[in-house]
There are 2 protein chains.
Amino acid sequence: MSVSTNTTVSPAWIAVDWGSSNLRAWALDGDDRVIAEASAPRGMLGLAADEFEGALLEVVGDWLPPAAGNRPTEVLVCGMAGARQGWVEAAYLALDAGATDTLGRLGGQLTPVITRDARLRVRIVPGLCQHASPDGGEAFDVMRGEETQLSGLVARHLDFSGAVCLPGTHAKWARLEAGRITGFTTFMSGELYQLLSRDSVLKHSLHADDLADAAQRAAYLGGIDTAMAAPERLSAELFGIRARDLLDASLPGDARRGERLAARLSGLVLGLELAGATATLAPGSPVVLIGAEALCRRYRIALEHRGFAVGQHANADMILAGLGRIHHATPPATP
Amino acid sequence: MSVSTNTTVSPAWIAVDWGSSNLRAWALDGDDRVIAEASAPRGMLGLAADEFEGALLEVVGDWLPPAAGNRPTEVLVCGMAGARQGWVEAAYLALDAGATDTLGRLGGQLTPVITRDARLRVRIVPGLCQHASPDGGEAFDVMRGEETQLSGLVARHLDFSGAVCLPGTHAKWARLEAGRITGFTTFMSGELYQLLSRDSVLKHSLHADDLADAAQRAAYLGGIDTAMAAPERLSAELFGIRARDLLDASLPGDARRGERLAARLSGLVLGLELAGATATLAPGSPVVLIGAEALCRRYRIALEHRGFAVGQHANADMILAGLGRIHHATPPATP
C-alpha cells in the first residue's frame, strides 16, 4: 500500500477507483482539490464480499475522524467493486441513445453500501449496458468504470462530440454527441494480444518490442495497415508471423527479429480493432484517448499514422473529474 | 499403442504419418493394399532426436524380418518428424507457383535417415514453404504433412482444380490448378478458438456445443454470417459474447445459453477464416475438405450454408494415397 504522508487530512469526500486488481483513493477538499491519495493491490478479483470494507479502511482509514460525528464521510466508488462478484452489485444503467443524457443520470442511480463503520457513507456508481438495436446499429455491451471517465471528459468539455477510446484489456470506444453518449463498443484486443503472445505457438517467435526503434515501429505500422486493409485475413497473418520466423531464421544479420515480430503482432491485433472502431469516422476526425501513457502512446502512433487528430487525457484526471461531477449531482447526505 | 493382430505381415513398404502428438503406421503390400496398421501416442513433441528410432520400432518392429536381408524395408514418413525439432530436419521444398509441379517433386526431395537397425530404410517427406510475392499475392507460409495429403488428392484426381481445405489447429487452404498447387494460406483459427474458449474471459460463458441442436446450429451460423459480413468487428463481437451472457443471465427459461454462446464463438472464429479463405472463390464453387469427420462436418455446415459445393476425404485415405504416390516416384532402394 502507498499512502501519502499528510497526517492532517480531513477530506470533504473521498473518491475511489476500485478495479479488478487495484484500489486507488483520493481525499478531496471542499473545492475538489486532492489533499491526499493512496492505493493498494486489493482489487475486486482478490476480495470476498465481506472483505471490501476492511480493504477500504486499510487505504482510507487514516483520513477518517476517530469517531463518527454527525455526518459520515462520503465515499464515492467506481469500477469493478460494483460488479456482481464485487462488494455490492450496482446494476447497469441502460444506455438511452435517444432523448436523455445517460451520463448525467449516473449520480441519481448510485447504489448505497451498508457499512459496519458508521464513519463511512459509501455509494457505488453504476456501469452502463447497451442492448442490441433491431437495426443492428448497436450490439450487446457493458462497461464498468469507463462511464465515470467519460463523465469526467464531459465535466471538462461540456459539449464534447466525437470518438473516445479507453485502451485496455477490453478497450472501449464511445461516441459522444454534445456531451451525451450515443453508443459504445468493447474490443477484446488487449486480451487477444496477451493470449497470442503468451500462450499460442507465436510465443516462440516473440521478444518484447520497443516502438522507439525505427524498424520495430515500421513493423508495428505494417501490422496496422495490413489488418486494416484486409481484416478478414487476420488469422492467416497471425500464422504468417510464425512462418516468417521459421523461414527467416537462417538469414544473416537478422538481429531483433523477435522484437519486430512482436511489434507486427501488436499492430495486427490493434489494426483489426481500428478497422472496426474507425470504420464510421471521417478521415482526420478527432479521437480522444483516455488511459495509461504507454498504452495510449501505442494507440496514438497508429491513429496519427492513419491520419486521425489525437487528444489524450490521463486516467486519474478523468476519474477524479467524473467522480466529482457525480458527487455533486447526488443529494447531500442526510444526518 | 494399438497394433493389428496379423502375425504374418511382410510388407512391401511401410507408410508413416508422424505428427506432433501421434505416430500412425501402415504396412502395405506390393499393390499398396493395407495389410496391417498400428499407432501410438509418440508424437514429435514428446520425443528427443535419439528416441525416434525406438518409437518407430515399437510400432512397426513386428512387421520387419528377424534379421536384415539383402534389402531393408522402405519406411516413408510424412509430418512433424521432419521438423527442425524432430528426428532429422527435412528442409522445406519451396513452392514454385510457376512452371513446375511442386507436389510432383516431393518424391525426389526425400531426406534419408541413418538408422542403427539395418532392417530400416527411412526417408522423410519435405514440407512446403511459400515466400512472400512482391505483388502481395502470396504470404510467407509453411506446411508439413498436408503436402502429402494434397499429393494424395492429386493421385486420386489427376487434374484436380479448386480449393482444398485441411481443417485443424492451423487450418490450411490450398489452391490447385490441374493437379498443381499454386499457393496456400494457413489460418490459426483452431488455436484462436482454443485460446478464447479455454483461457479468455469468455470461458465463464461457454458450454460445449452440439450443432445437431437447431438453436445451437442457428447460433453457429449467426456467428459465421456476422464475421463474414464485418470481419473488422471480430474482437468486438467476441466481447459481445460476454456482454450477452451478463445481460441475458436474468432471462427466464434461457437453458443452454452457454452452448449457444460457444456455438456463436465457433461461428465467429471460423467465419473470419472463411471471409479470408473464400474471398476469391466464385459463388457455388467447389471446396474439398480433408480431415477428421467431426471438424470437417463443422466446416461443411458453414460452407454449404454459404453456398459452396463441398466434397470431403478422410485424412488417412489421402495420407496413404499421397505416400503411395511419393513412394513410387522415388528410385528403388539399392542393395
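How many bridges join strand E9 (residues 128–130) of chain B to E10(B)? The number is 3, and the two strands run antiparallel. This is a predicted model: local features need pLDDT of at least 70, side-chain atom pairs count only at pLDDT 80 or more, and totals for chains, interfaces and linings use all residues. Residues are numbered from 1 along each chain as its sequence is written, chains are lettered from A and ligands numbered from 1 in the order written, and side-chain values use heavy atoms, without hydrogens and water.

**Sheet in chain B**
- An open sheet of 3 strands has the order E6-E9-E10 with mixed pairing; strands pair if DSSP finds at least two bridges between them.
- Strands are DSSP runs (E, at least two residues) and helices are too (H or I, at least four), numbered from the N terminus.
- The edge strands, E6 (93–94) and E10 (141–143) of chain B, each pair on one side only.
- B:Leu128 has B:Met143 of E10(B) as its bridge partner.

**Helix H3 of chain A**
- Buried residues of H3 (189–199) include A:Leu192, A:Leu195 and A:Leu196; buried means under 20% relative accessible area, exposed over 50%, partly exposed in between (1.4 Å probe, protein chains only).
- Their cover includes helix H6 (257–277) of chain A and helix H3 (189–199) of chain B.

**Cysteines**
- The whole structure has 0 disulfides over all chains; a disulfide is a pair of cysteine sulfur atoms within 2.5 Å.
- A:Cys129 has its nearest cysteine sulfur, that of A:Cys78, 17 Å away.
- A:Cys165 is buried at 0% relative accessibility.

Methods: Contact = heavy atoms within 4.5 Å.
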